[in-house]
Amino acid sequence: MRQSGEKRVVSGMRPTGPLHLGHYFGVLKNWVKFQEEYTCFFFVADWHALTSEYAEPHGIKPFVAELVKDWLASGLDPEKAVIFQQSQIKEHAELNLLLSMITPLGWLERNPTYKEIRQELISKDLNTHGFLGYPVLQAADILIYLPDFVPVGHDQLPQLELTREIARRFNHLYGDLFVEPQAKLTVSAKLPGLDGRKMSKSYGNCIYLGDEPEALRPKVMSMLTDTKRMRRKDPGDPETCNLFPYHLLVTPETDREEIRRKCTLAEWGCVDCKELMLGRLEEFLTPLRDRRRQYDNPEIIREILHTGNKKAVEEAAVIMERVREKLGFNF
Ligand code: TRP
């Protein structure tokens, strides 16, 4: 049970593919910090993955363990954070059902993420109840742990606002129970993909956290740099270069002035700059690879999830019992 003064964080990720550097610097790095400061509940949102992958549910399973491995490699510690799997906590589904009764359709239809993804993913038929109701399930995932904060990016703010609205409506109809969680906005440097577009699996322009050196080198060497720098003797501009944001993340600040100078005065070429960045990236990825190896055993992952699921269900069951009491559905 919750200790007095304890602050809680809840967040989840859909298991739809391996994580890349954008995930690390945009999300995971913060999670790793939060586990030192708060009681954290981090879950694999496998039911959420089903909203778009319902036609091939078996494709989701392999990514569940892989996602957890990416988390552990990044430094999440199962001794510090509760790491669990959404579909194993049936209370999320029960709360989703009850919250769906009180959520006006208009709130869901107006959700900008809903409109956007439906347009983006035209290859899939997302004309389903489950997809429209995604934010209700998300509200259930969050509210059931009574968290103070939910780490989200800017694009997820409208979804979190819906969670807060649903909490308010529940409390208004049935009496106070849920807290309205605050967004913990992640301010992260934008990291472009290898080709300068947003780093995304669907563009095939990612550096994955699990990339081995053999895969990494050709990726870095093929990176787009400053497109206006045509020849080695042309001066470059780090501000418009695609490589420089990587230096901002993996190269110590003290070295960056020199990189800037060598680029803008054409003292070195982009290949030299890439070699340096590759070395730093390797230094960054080495401890991740070492940790990943420690966890490279399906039994260990299963055990971690099993333990996390047990802790999560203990919390969720208590709140669900209070929810049932509020509605007069307790036995
Ligand atoms: N919507 C999130 C995503 O697409 C995943 C998610 C599901 C989530 N439930 C959540 C995130 C609750 C934060 C809190 O990645």
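View 1. The model is a predicted one, in which local features need pLDDT of at least 70 and side-chain atom pairs count only at pLDDT 80 or more, while totals for chains, interfaces and linings use all residues. Residues are numbered from 1 along each chain as its sequence is written, and side-chain values use heavy atoms, with hydrogens and water left out. Surrounding the ligand (a heavy atom within 4 Å) you will find Ser 11, Gly 12, Arg 14, Phe 43, Ala 45, His 48, Tyr 134, Gln 138, Asp 141, Ile 142 and Gln 156. Strand E1 (8-13) and helix H8 (134-143) each supply at least two residues of this shell, and H8 gives the most, with four. Helices (H or I, at least four residues) and strands (E, at least two) are DSSP runs, numbered from the N terminus.

View 2. The side chain of Gln 138 places an N or O atom 2.9 Å from a nitrogen atom of the ligand, and for Asp 141 the corresponding distance is 2.8 Å. The protein buries 87% of the 360 Å² that the ligand exposes when taken alone (Shrake-Rupley method, 1.4 Å probe).

**View 3. Thr 163 is buried in the model.** Thr 163 sits in helix H9 (residues 157-174) and has a relative accessible area of 0%; buried means under 20%, with a 1.4 Å probe and protein chains only. Leaving aside neighbours within four places in sequence, Thr 163 is in contact (heavy atoms within 4.5 Å) with Ala 139, Ile 142, Leu 143 and Pro 181. Val 136 is 27 residues from Thr 163 in sequence, yet their C-alpha atoms are 7.3 Å apart.

**View 4. Helix H10 (residues 213-221) has buried residues Leu 216, Lys 219 and Val 220.** Down the axis of H10, its buried residues fall within an arc of 95 degrees, so they line one face of the helix; the arc is that of the directions from the helix axis to the C-beta atoms. Their cover includes helix H13 (270-294).

**View 5. Leu 146 has a positive phi, near 45 degrees.** Most residues other than glycine have a negative phi. Leu 146 lies in the loop between H8 and strand E4 (149-152) and is buried, at 14% relative accessible area.

Key. Polar contact = N/O pair within 3.5 Å; in protein donor to acceptor, adjacent residues only side chain to side chain. Buried < 20%, exposed > 50% of the residue type's maximum accessible area, 1.4 Å probe, protein only.
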